[in-house]
Amino acid sequence: MVIPGENSGITGFRMYAETPWKTSAEVTPADTITFYVDDVLITEAEKIEIEPNIPNLVDVVGQHYAMGAAIDQSALDAEDPHSQLLTKHFNSITAGNFMKMDAMQPKEGQFVWSEADRLVNFAAANDMEVRGHTLLWHSQVPDWFFTDPNDASKPATREQLLARMKTHIQTIVTRYKGKVHTWDVVNEVISDGGGLRNGASNSKWKDIIGDVDGDGDDSDYIELAFRYAREADPDAVLVINDYGMEGNGNKLNDMVKLVEKLLAKGTPIDAVGFQMHVSMYGPDVKLIREAFEKVIALGVNVQVTELDVSIYSSNSELEMPVTDELMLQQAYRYRELFDLFDELGKRGVMDSVTVWGLADDGTWLDNHPVKGRKDAPLLFDRKLKAKPAYWALVDATTLPIYRNEWTALKASPSFPNHKGQEDILWGAVKGLEINHLADGTSAVTGEARMMWDAKR
């Protein structure tokens with residue numbers, strides 16, 4: 001055991017061990033075994049600090065759009081290094097959770113302003129924009145919203161739900177009129193299975209409100225949400241926000257049809273928000289560009305509202321080490337995405353880019369979608385240090401050339417074999433995509449496979 005130093009101010013250490021919690025009735029003798037602990041070394045934890053002398057991210061990439069980050073309340077404490085990271089590198093902030101419906105009005109008529117007020121005041125003091133997230137969603141809605149006020153076993157009527165929706169939206173937007181720059185008015189209204197979300201896809205809005213004006217269309221709650229928000233703040237930027245559209249053509253087309261229809265009815269939609277929870281491996285930037293352009297063609301802007309770049313390609317991969325090679329690959333992925341954002345920003349059709357979290361120590365992708373798996377999707381690491389992805393945006397010339405590396409299997413294929421067919425061994429080798437250029441023509445890609453034979 002390490003003995004505290006004479007001048008450390010620490011007079012002793014205590015430690016304990018415990019088994020998983022059980023009720024008293026469930027505890028067995030095996031749960032109360034004696035622990036033997038030996039060879040304990042206690043060291044001082046490394047102090048978490050930002051790098052004060054690196055370039056401010058926003059000064060480089062924020063020339064044509066707001067550069068934002070989603071935060072939790074700790075980032076509003078000026079003494080917290082996360083707050084220092086936020087004010088150095090970003091000029092827009094979004095509440096990750098504490099401005100959602102259940103946080104703002106947990107009980108009918110009882111609005112909770114403390115945390116949202118802190119965010120708005122912090123933004124004003126630091127000359128930052130605020131993105132309000134979100135006024136209407138199918139998730140994180142308090143149960144009372146959809147029930148009869150006199151009998152919780154019955155659903156609310158259309159009239160009751162519309163009144164509650166209007167009160168919720170206009171009370172919040174009015175309070176922050178001129179202080180919140182942008183609102184995600186409605187969030188995730190397109191079903192993964194097609195069309196608008198309904199009860200089968202965990203949303204009650206459409207099923208209860210339905211077709212209010214009798215025109216045969218049941219997206220009226222979305223139209224009314226935007227109208228209520230516009231009445232409360234004529235100058236706020238109003239956004240319809242959703243996930244997956246950059247890689248799902250059907251979902252994108254559903255959104256385009258919805259926005260086109262709503263705009264034709266005079267609905268005050270200013271932008272479509274692409275959440276952009278993507279990975280290092282896809283979707284291809286060409287598909288993302290095409291998705292943006294389809295929305296821009298409607299006459300509205302696009303925003304990137306929840307960007308992160310996962311190091312995993314699927315929901316089944318086990319946790320893997322965060323290597324230098326992996327972080328370099330991620331850096332090039334960030335660079336190609338921001339090349340597109342910069343282009344659209346210069347055209348005046350993209351006015352906001354937000355990363356979903358300040359650093360890897362606060363990413364929502366830890367334990368999701370795979371329990372126990374950590375991710376590393378953001379620009380700063382778990383100790384708030386700039387990753388290669390940050391340098392890819394600030395000064396890409398500092399990055400080494402990305403090298404694809406793989407293990408060559410030992411075998412002797414023939415090309416072609418005696419039947420004129422591809423050798424079966426060669427065909428079994430997984431190809432490695434090559435898409436990072438040191439020099440050459442843009443958008444040129446290839447695939448490489450390799451075997452080796454010491455006798456050849």
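Five bridges join strand β6 to strand β7 (residues 237-242), and the two strands run parallel; strands count as paired if DSSP finds at least two bridges between them. The model is predicted, so local features need pLDDT of at least 70 and side-chain atom pairs count only at pLDDT 80 or more, while totals for chains, interfaces and linings use all residues. Residues are numbered from 1 along each chain as its sequence is written, and side-chain values use heavy atoms, with hydrogens and water left out. Helices (H or I, at least four residues) and strands (E, at least two) are DSSP runs, numbered from the N terminus.

- Strand β6 covers residues 182-187 and is mostly covered, with six of its six residues buried. Buried means under 20% relative accessible area, exposed means over 50%, and partly exposed lies in between (1.4 Å probe, protein chains only).

**V185 in strand β6**

- V185 belongs to strand β6 and counts as buried because its relative accessibility is 0%.
- Apart from neighbours within four places in sequence, V185 contacts T134, L135, L136, A225, F226, A229, L238 and V239. Contact means heavy atoms within 4.5 Å.
- R227 lies 42 residues from V185 along the chain, and the C-alpha atoms of the two are separated by 9.9 Å.

**Helices α8 and α9**

- Two packed helices are described by the angle between their axes and the distance between the axes.
- For α8 (residues 249-264) and α9 (residues 285-296), the angle is about 10 degrees and the axes are 10 Å apart. Axes are lines fitted to C-alpha atoms, for helices over the stretch in contact, and angles run from 0 to 180 degrees between N-to-C directions.
- The two helices α8 and α9 are therefore roughly parallel to each other. Angles under 35 degrees count as roughly parallel, over 145 as roughly antiparallel, 65 to 115 as roughly perpendicular and the rest as oblique.
- The crossing of α8 and α9 is right-handed, meaning that the near helix is turned clockwise from the far one by less than a right angle.
- On α8 the contact is made by L252, N253 and V256, and on α9 by A291, K294 and V295.
- By class, this contact of α8 with α9 has four nonpolar residues, one polar and one charged. Ala, Val, Leu, Ile, Met, Phe, Trp, Tyr, Cys and Pro count as nonpolar, Asp, Glu, Lys and Arg as charged, and the others, Gly among them, as polar.

**Cis peptide bonds**

- H133 and T134 are joined by a cis peptide bond with omega of about 0 degrees. T134 is located in strand β3 and is one of the residues in contact with V185.
- The bond from H368 to P369 is cis too, with omega near 5 degrees. P369 sits in the loop between β11 (350-355) and α11 (388-394).

- Q140, a residue other than glycine, has a positive phi near 55 degrees. Q140 is in the loop between β3 and β4 (147-148) and is partly exposed, with a relative accessible area of 27%.
- N202, also a residue other than glycine, has a positive phi near 70 degrees. N202 is in the loop between β6 and α6 (205-209) and is exposed, at 60% relative accessible area.
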